[in-house]
Amino acid sequence: MPRLSQSEFLIVRNLRKYYYTAKAGLFSRPFPIKAVDGVTFTVIKGESFGLVGESGCGKSTLARCIIRLEEPTGGEVFLGGEGILALPKKELQAFRQKMQIIFQDPYSSLNPRKKALDIIAEPLVIRGGLDRKDRLERARWLMSIVGLRPEMEARYPHEFSGGQRQRIGIARALALNPELIIADEPLSALDVSIQAQVINLLQDLQDQFQLTYLFISHDLSIVKHVSDRVGVMYLGHLVEIGTRNQVYTHPLHPYSQALLQSVPVPNPFVPRKRWVLEGDVPSPLNPPKGCPFHPRCSKHFSTCQEERPELREIAPDQFVACHLDA
């Protein structure tokens, strides 16, 4: 096992997740769909690392592979120096106490047949070690922490609003005192006013519980608000990593620049230089050769069509995968 810096809490190296098409005939071969293809990044303990990109670029698949809800095709993942992908199932279940996930849909991620208090206490039942009284006491405390009133504990998920259901999911994620929380689009199903409340709650909980966040979203304004560092993902690849200020004030990759220019500005009188992306995201069934972004990039040249660029450090703490900055 390589030596790891104490500040590097989560390390992802060359992570890959391929799905395979069904055989079309007796002599045909399954064709790989590269949902995540060679992603490498680190998350420092105590920080919020934001992951942005268009829908379908592989963000959620990457999150599920890190926590091993889906088994990666290859690569390495370390959490606190421990290799996650090498753990057998029994050890993985115990190790998962250190990492939890908040899902995108606050309704389908909750058991409709269980009451709110039992949903929050369920991780404690699976772990064991506490009697029912202690489990329910901790679940009630977590309900109060996330802003749910005591009279709500006997309600079922369908009796809550979307924001309240997401608070139940957050409380459940906190039940085992995790160190890492992966928030997979936790605000996309909520109204804008509720989004602000949940963002503030997550930030307060990070300070209170000393949490590390991997925050996934396609909303650039939300990621800017909650993240210390940001990774930009496109077609299964990370194309840029940097601090929040670097990525939002001086993006280096053409895709990052186009994403930021697409964010609406509330003042219509502010002059803006807009770069509208042409075409659609290529299919992962038939990804382009070379740089995955070159078919939509107005700045591409011959090398972009032949060679896939690797992430390189262009400025301190800012990495980009682009031949323009070679």
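Biologist: What makes the open sheet, and in which order do its strands stand?

Modeller: Eight strands form the open sheet, in the order 6-7-8-3-9-10-12-11, and their pairing is mixed. Strands are DSSP runs of E with at least two residues, helices are runs of H or I with at least four, and both are numbered from the N terminus. Two strands pair if DSSP finds at least two bridges between them. From one strand to the next, the twist averages 20°; axes are lines fitted to C-alpha atoms, for helices over the stretch in contact, and angles between N-to-C directions run from 0 to 180 degrees.

A word on the ground rules. This is a predicted model, in which local features need pLDDT of at least 70 and side-chain atom pairs count only at pLDDT 80 or more, while totals for chains, interfaces and linings use all residues. Residues are numbered from 1 along each chain as its sequence is written, and side-chain values use heavy atoms, with hydrogens and water left out.

Biologist: How do you know what score the protein averages in pLDDT?

Modeller: pLDDT is the predictor's confidence in each residue, from 0 to 100. The protein averages 89, and 94% of the residues score at least 70. Over residues 1–5, however, pLDDT stays under 50.

Biologist: What makes strand 3 and strand 8 count as a pair, and in which sense do they run?

Modeller: Four bridges join strand 3 and strand 8 in the parallel sense, and Leu51 stands opposite Ile216 in strand 8. Strand 3 (residues 48–52) is also joined to strand 9 (residues 229–234) by four bridges, again parallel. There, Gly50 faces Val230 in strand 9. Strand 7 and strand 8 run parallel too, with five bridges.

Biologist: What is the handedness of the crossover from strand 7 to strand 8?

Modeller: From strand 7 the chain passes through helix 6 (residues 192–209) to strand 8, a β-α-β crossover that is right-handed. That name applies if, with the strands pointing away from the viewer, the path from the first strand over the helix to the second runs clockwise.

Biologist: Why is strand 8 called largely enclosed?

Modeller: Buried means under 20% relative accessible area, exposed over 50%, and partly exposed in between (1.4 Å probe, protein chains only). Five of the five residues of strand 8 (residues 212–216) are buried, so the rest of the structure largely encloses this strand. Side chains in a regular strand alternate between the two faces of the sheet. Here Thr212, Leu214 and Ile216 point one way, and Tyr213 and Phe215 the other.

Biologist: Why is the pair of tyrosine 234 and phenylalanine 293 called edge-to-face?

Modeller: Rings of Phe, Tyr and Trp (its six-membered ring) pair if their centres lie within 6.5 Å; planes under 30 degrees apart are stacked, over 60 edge-to-face, and the rest tilted. The centres of these two rings are 5.2 Å apart and the planes are at 85°, so Tyr234 and Phe293 are an edge-to-face pair. Tyr234 is in strand 9 and Phe293 in the loop between helix 9 (254–261) and helix 10 (302–306), 59 residues apart. Tyr234, Tyr255 and Phe293 form one aromatic cluster.

Biologist: How do you know whether valine 247 is buried or exposed?

Modeller: Val247 has a relative accessible area of 3%, so it is buried. This valine is in helix 8 (residues 244–249). Contact means heavy atoms within 4.5 Å; beyond neighbours within four places in sequence, Val247 is in contact with residues including Val230, Val232 and Leu260.
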